[in-house]
Amino acid sequence: MVLSTKQSERGKEIKFKEEENNYTTMVFPKNVDKSDNMTIVILGASGDLAKRKLFPALFTIFKEGFLGSAWRVIGYARSNLTKQELIDTHLLPFLKKHDKKDLDAFFEHVFYQAGQYDKEEDFQALNKLMEQCEIEGEKILEAEHKSQLEHKCLTDDEVFDDCKSPTAPFKPRRHRFFYLSLPPNVFLSSASMLGRTCKSQTGYNRIVIEKPFGRDLITFKKLSNGLSKVFGKDEIYRIDHYIGKEVVQNLLVLRFANVILEPLWNRNTIKSVQIIFKEELGVEGRGGYFDSYGIIRDVAQNHLLQILALIAMEPPVTLSPTDIRNEKIKVLKSIEPVKMEDIVVGQYKGKVINGEKVLGYREDPSVADDSITPTYAACVLKVKNRRWDGVPFFLESGKALDERLAEIRITFNEVPANLYTHAVVSPNELVIRIQPNEAIYFNIVNKVPGLGEKLSESQLNFTYKTLYDAKKIPDAYERLILNMVQGDESNFLSEDELKYCWQIFDPILHELQEKLVQPEPYPFASAGPTAVHYLRARYGLVASKNDSDL
Ligand SMILES: NC(=O)c1ccc[n+]([C@@H]2O[C@H](COP(=O)([O-])OP(=O)(O)OC[C@H]3O[C@@H](n4cnc5c(N)ncnc54)[C@H](OP(=O)(O)O)[C@@H]3O)[C@@H](O)[C@H]2O)c1
């Protein structure tokens, strides 16, 4: 392995590891030193997200060597668990594929503290546990420091640098990161308890919150105001894990590191943009949270709008988080609020599949019998700026549909004065598939080899699984937790961005609620409500093809 350094556009030095297999892995610029003490607290550690995503992501980051030796993760929740019970019942089932030796090493860094989300004495107990762990961590760091000094030849600079001289007092900082993996009703009470009792005085404090960031513009502002009373602007990390997905990370590279796309990337050449998020599963007994939010708040207002912003934004001046966010904000501000005539909402109903009855949404025990919460929504957004005016951006998201698919489909204009009128061919399309089977491909028109003039559609394709080792594709949470620890905010959402995201959907959400709009029923495992065909037709949009063989 060779280490080379480059001056990045962020003005920081970035190191590149050149592995034998020619991958170039970026080692992020860091402001948290591995010789510091680091505590990550997961609140809601007994929950679904923590066990399925957060602990496994931390395991990977630890195994890759990003966390140094004086770090720990403390699970915090109301459930009365011992550390061993947390490991056995919550963590091990999701870490089974790993070596026992690696797991044992990881579990040495795992702790658990039971407590309520609004009791100061419970948070004081958490603070005490953090302090005890930090003291132990300092002993480890001090021993490492001494051993390094004994074995190190100091450079001339270091000899004269008071902080690095062997006699300088050794003072590792204590960084504390709090991940709220909790239902939104306890976000604010937990954050204010943490702010009052658990913040470090000698290192970085960061709090991570998961969507939903409120139910509407007003509740979003309330949440933001509440958080800002206890954590500074730079300490709040709002996560949308979709941004951490590998293909979504590639969007800016694809757009701005290649010269061929930019001349095509506008209203003169692009006919429409479709951003699709389809799930096969229904709520499956977990409808409680979903029923009070619905698919628009759960998927469209955050994941899909974030993708739209990355597709439609202007090139940022640099790759700094501020420059990227400023461009995203500009494009979000130019989107008109969704109108009733441009949205279709649906709700799945039950069906018998292979002799077995699959429950409809309202039949689910966790959902009210008369719920009008949409499980499907499709809408057309209009970006009113010089680049995109007139190009419909179609956003579709739904549960209990006929396939699991997340993709961006960019359809180009028809060929003017087409010479090949004898063949009916679809326009060119650039498809960026986020999941499953990450891929980027171009649908083009080709001549079929032979003496005739037969034309066919074919694909210039790049699938991740053929070009890269699929195992090397990091999980979104691995990337985002690492970014958070290292203080890289570029993949997190700013308060302003979210405000503009809410402004696009807030009026229609209120209108749907006030008018008690009944979502159109659609069968489980179908393509969704029929009204979407009319919406598509009105904007000249073609439904996505199934290219799953790619
Ligand atoms: N699950 C996902 O894949 C996913 C994806 C994206 C975003 N999110 C967001 O991440 C957060 C956590 O999601 P999750 O699926 O892990 O949630 P969850 O399993 O429903 O809840 C996490 C933990 O919170 C505690 N809890 C549950 N209901 C509570 C209530 N009413 N009052 C107080 N505490 C309660 C429970 O722990 P104790 O009873 O032990 O305290 C539970 O184990 C949510 O904000 C969710 O919207 C989740």
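**View 1. Helix α10 (residues 294-312) packs on helix α11 (residues 321-333) at an angle of about 105 degrees, with the axes 9 Å apart.** That makes α10 roughly perpendicular to α11 (65 to 115 degrees; under 35 is roughly parallel, over 145 roughly antiparallel, the rest oblique). Axes are lines fitted to C-alpha atoms over the stretch in contact, and angles run from 0 to 180 degrees between N-to-C directions. Leu 305, Gln 306, Ala 309, Leu 310 and Ala 312 of α10 touch Lys 328, Val 331 and Leu 332 of α11 (contact means heavy atoms within 4.5 Å). By type, that's six nonpolar residues, one polar and one charged.

This is a predicted model: local features need pLDDT of at least 70, side-chain atom pairs count only at pLDDT 80 or more, and totals for chains, interfaces and linings use all residues. Residues are numbered from 1 along each chain as its sequence is written, and side-chain values use heavy atoms, with hydrogens and water left out.

**View 2. Helix α4 (residues 120-151) and helix α6 (residues 187-197) cross at roughly 55 degrees, their axes coming within 9 Å.** That makes α4 oblique to α6. On the α4 side, the contact includes Phe 123 and Leu 126; Met 193 and Leu 194 are among the α6 residues they meet. The contact residues split into four nonpolar, four polar and two charged.

**View 3. Glu 403 sits in the loop between β15 (392-398) and β16 (405-412).** Glu 403 counts as buried because its relative accessibility is 16% (buried is under 20%, exposed over 50%, partly exposed in between, with a 1.4 Å probe and protein chains only). The C-alpha atoms of Glu 403 and Ala 527 lie 8.3 Å apart, though the two are 124 residues apart along the chain.

Note on methods
Helix = DSSP H or I, 4+ residues; strand = E, 2+ residues; numbered from the N terminus. Nonpolar A, V, L, I, M, F, W, Y, C, P; charged D, E, K, R; others polar.
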